[in-house]
There are 4 protein chains.
Amino acid sequence: MEFKDNEAIYLQIANNVSENILLGSWEEEDKIPSVRDLASRMQVNPNTVIRTYEFLENQGFIYTKRGLGFFVSEGAIDKVKKYKRDSFMQSDLPGIFRNMLLLGITPVEIEHQFEIFKKNSQLK
Amino acid sequence: MEFKDNEAIYLQIANNVSENILLGSWEEEDKIPSVRDLASRMQVNPNTVIRTYEFLENQGFIYTKRGLGFFVSEGAIDKVKKYKRDSFMQSDLPGIFRNMLLLGITPVEIEHQFEIFKKNSQLK
Amino acid sequence: MEFKDNEAIYLQIANNVSENILLGSWEEEDKIPSVRDLASRMQVNPNTVIRTYEFLENQGFIYTKRGLGFFVSEGAIDKVKKYKRDSFMQSDLPGIFRNMLLLGITPVEIEHQFEIFKKNSQLK
Amino acid sequence: MEFKDNEAIYLQIANNVSENILLGSWEEEDKIPSVRDLASRMQVNPNTVIRTYEFLENQGFIYTKRGLGFFVSEGAIDKVKKYKRDSFMQSDLPGIFRNMLLLGITPVEIEHQFEIFKKNSQLK
DNA sequence: GTGGTCTAGACCACC
DNA sequence: GTGGTCTAGACCACA
């Protein structure tokens, strides 16, 4: 996996994990990859993955069983969805709208771009 | 002024300055506030404003006359507009669209929120 | 059985066994449940129960007859009582008292809570 | 400072910091020692103090101003008191009471020991 | 100067 | 095998 350098790696991994939960790739109550496993797959230091998992544990998305590993929490999908939705609505949207007003970009234009984006992402 | 936690303060101030230029509050070839003046108004360390001005100078939005202060560049409005538009289209939009797909948020919903936002910002 | 997160599971099981001895549910010189039996009842890994039994054997509360299983030691009740009393007086009390001072909790309040606790535990 | 080895060092330091807040030694909105400062005083690695401060930040007891350091939160005393009180009442007391019942220790005895403890701690 | 992140490597308790 | 903690040391952004 490649990482952007304007966001902490452990947060980018956290996003990745969150999406796996959100999309149902990793189901509730299932074990997720061990720290060492994910670290070697992501080519990062295990400590970085530990940071990711601690962060997600604080959010209540995953939990740990000692000696066994980390597991997806019950109700994690809803928690992740709520968390992402809240931060999108409260943090992202206002800045976007402000830019749209300043730059004279209309919702119609946004919708047009969105349709293009959707087609491209379906191809993948 | 209040600052968000997830973006560098000097960049938030840079945004503020850019908007003043974009909206014509600070006109081209006009002198902008001195570092110390702006720093005390914003309640930040003067070094932080220096960083802001250096950043804006690198972008070509402002320039410095030694001993006199900083001034809005000729053609700054267009430069600011182009810069903002580019970063909006290339950096912001993809993330937004990705979130919309993941969370099932429709362009209609976005447009609805945008109308609300517009009304609120007109009041100010 | 449910386990707390802040104490090793094998120690929580050891406590449980100790209480059975203390209360006379498991009498001296009697055979106690096999590792596998207890493990399946407690829903833990057999290795964990082995650790528990090793710990209790080191304390002299139980002993093993090869091929037959584990048995409650002679004089185990007194040993358990002494062990628990010592660790209570030396390890638990000082921390409790420190918290009481810091938080302004009085012995009267403790006694009050204790009465409530006694009533609830009689019901079981 | 000397550390017990049955509790993580970063949590022992967190307790220490919490008590400083609780006792008013470090007042609300005041700056607390920098990571490096406290680390060298405590003779631990700076990373360990960072863990402490992150933990306390998650609890809402302290917050960070970028480039300036960590500060005691508004209302921190009440938060600390509530946190300590809750964990005392819910985690510590039940175990204590259970032991008292099992060992036949009476509240009167506890109170007696508490008086002794109070005298000793006043001398310090 | 401040905190934030990351790596490398070690040791431990636990299951 | 699992996670949890700690050390050592590095580099960076920020004020």
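Me: Which element gives the most to the surface near DNA strand F?
Reply: α3(D) does, with three residues. Helices (H or I, at least four residues) and strands (E, at least two) are DSSP runs, numbered from the N terminus.

Me: What kind of model is this?
Reply: This is a predicted model, in which local features need pLDDT of at least 70, side-chain atom pairs count only at pLDDT 80 or more, and totals for chains, interfaces and linings use all residues. Residues are numbered from 1 along each chain as its sequence is written, chains are lettered from A and ligands numbered from 1 in the order in which they are written, and side-chain values use heavy atoms, with hydrogens and water left out.

Me: Switching topic. How many residues of chain C are in contact with chain D?
Reply: 29, facing 29 residues of chain D. Contact means heavy atoms within 4.5 Å.

Me: And what area is buried there?
Reply: About 3,100 Å², with carbon and sulfur atoms giving 77%. Phe97(C), Leu103(C) and Phe114(C) supply 20% of what chain C buries, more than any other three residues. Buried area is the accessible area (1.4 Å probe) that two parts lose on being put together, summed over both.

Me: How many salt bridges cross that interface?
Reply: The rule finds four. It asks for a side-chain nitrogen of Lys or Arg within 4 Å of a carboxyl oxygen of Asp or Glu. One links Glu109(C) and Arg85(D), at 2.6 Å from N to O. On the chain C side, α1 (9–22), α4 (76–103) and α5 (107–123) each give two or more residues. α4(C) gives the most, with 16.

Me: How many salt bridges are there over all chains?
Reply: 25. Arg98(B) and Glu19(A) make one, their closest N and O atoms being 2.6 Å apart. Arg98(B) sits in helix α4 of chain B and Glu19(A) in helix α1 of chain A, so the pair joins two chains.

Me: Is Glu19(A) buried or exposed?
Reply: Buried, at 14% relative accessibility. Arg98(B) is partly exposed, at 43%. The cut-offs are under 20% for buried, over 50% for exposed, and partly exposed in between (1.4 Å probe, protein chains only).

Me: Which residues make a salt bridge in chain D?
Reply: Lys4(D) and Glu7(D) do, at 3.7 Å from N to O. Lys4(D) is exposed at 51%, while Glu7(D) is partly exposed at 26%.

Me: Last one. What does Lys79(D) touch?
Reply: Beyond its neighbours within four places in sequence, Lys79(D) contacts Gln59(D), Gly60(D), Phe61(D) and Glu74(D). Lys79(D) belongs to helix α4 of chain D.
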